[in-house]
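Visitor: I would like to learn how to read a helix and its surroundings. Please take me through some cases.

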Amino acid sequence: MTCHLPCQKSTCRLYTRSGAHPSAMWKALNLSVAVKDNISSHKYFFLVGFSELGELRPFLFIPFSFMFVVSLFANSLLVYVIVSQRSLHSPMYILIASMACIDLSLPVFFLPHMLLSFLFDWRGISLIGCLIQMYFIHFFGTFQSTLLLWMALDRYFAICTPLYYQEQVTLAKFLKFVIPSSIRNMFVVLLVVILAGKLPFCLRNVINHCFCEHMALVELACGSTTINSLVGLISVFLVPVTDFFLVTASYTVIFSSVLTSGKSNAKAFQTCVTHIVVIIVNLTIVLTAFLSYRIRNGIPSAVRIFFSILYVLFPCCFNPIIYGIRTTEIRQHILKKLKI
């Protein structure tokens, strides 16, 4: 008798060690295959994040719905102000508007479902829906760090080569930086999602999370997940970590250029420090969330889920404040629009 499937192999080992009769082993194998086929064809998973809170779980609707409204309002206002004011149509402000679009779109793919889960206990999601949600969350999430890289390049051209700035940031030349990093993000996320979708989910269909986070889904698989875990970890270092080092290198050159020129450029320093602080905070949250699934530790599942939500939602709420309100030109137009 030959065992091929992961479920079959584990059943074979169990019954062989126990010395059970071959007929009993065949019945168990047939049952394991039937269960595997049944679960493989199962259309839904169940998102049960924060279940340990019990009756307090519905109250999570209040803070997360507040953050959702803040994110939608702040980013919509920021996009509207930049698009409607011709004086803000320079490359830096266009990049800020692009970041606001990313921050506006990202929560839409998981927060409504999560809020309904808190309020009405709607926890079901199809495997296809789960993979689609996973793709868009991680795809838009990668651009939160990549846009900071593009901003760093813009500041580098503006401060280090001011005479050639307009020439360097023309659409044709800037696309040389935008297109490769966009393809990188799309390919990395697509590979992660495809590998996750190919796994056999024959153990259980309960995801201990509030949205379809990559490793939360992968850990349900009954086959080997080594490749998935490795590719997921590599993707973190290929996108946010790589972007962080490139941003740091860019701002190091900017600092050096400003200091050696002998000119006082407080605005340049303020912009650079702000960008570095933002990407350090984002990177810390991302690494904490990703590594908590890959390193054996005693972190409670609720804390792990909280950090996973935080690394997605935190930038969406605070980027409009950091890049909108703190930017004088944008702030003036926002106050004028709100008539304050």
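This is a predicted model: local features need pLDDT of at least 70, side-chain atom pairs count only at pLDDT 80 or more; totals for chains, interfaces and linings use all residues.

Visitor: Which residues of helix α13 are buried?

Guide: Buried means a relative accessible area under 20%. In α13, which spans residues 328-338, I330, H333 and I334 are buried.

Visitor: Why do the buried residues of α13 line one face of the helix?

Guide: Look down the axis of α13: its buried residues fall within an arc of 105°, so they line one face of the helix.

Visitor: What covers the buried residues of α13?

Guide: The cover includes α3 (61-84), α4 (91-105) and α12 (301-325).

Visitor: Is H333 buried or exposed?

Guide: The cut-off for buried is under 20%. H333 has a relative accessible area of 14%, so H333 is buried. Apart from neighbours within four places in sequence, H333 is in contact with V81, Q85, S87 and L88.

Visitor: Where is F244, and is F244 buried or exposed?

Guide: F244 sits in helix α10, residues 226-261. Its relative accessible area is 16%, so F244 counts as buried.

Visitor: With which residues is F244 in contact, leaving aside neighbours within four places in sequence?

Guide: Those contacts of F244 are I279, I280 and L283.

Visitor: How many residues apart along the chain are F244 and I276, and what separates their C-alpha atoms?

Guide: F244 and I276 are 32 residues apart along the chain, and 8.2 Å separates their C-alpha atoms.

How values were computed
Residues are numbered from 1 along each chain as its sequence is written. Side-chain values use heavy atoms; hydrogens and water are left out. Helices (H or I, at least four residues) and strands (E, at least two) are DSSP runs, numbered from the N terminus. Buried means under 20% relative accessible area, exposed over 50%, partly exposed in between (1.4 Å probe, protein chains only). Contact means heavy atoms within 4.5 Å. The arc is that of the directions from the helix axis to the C-beta atoms.
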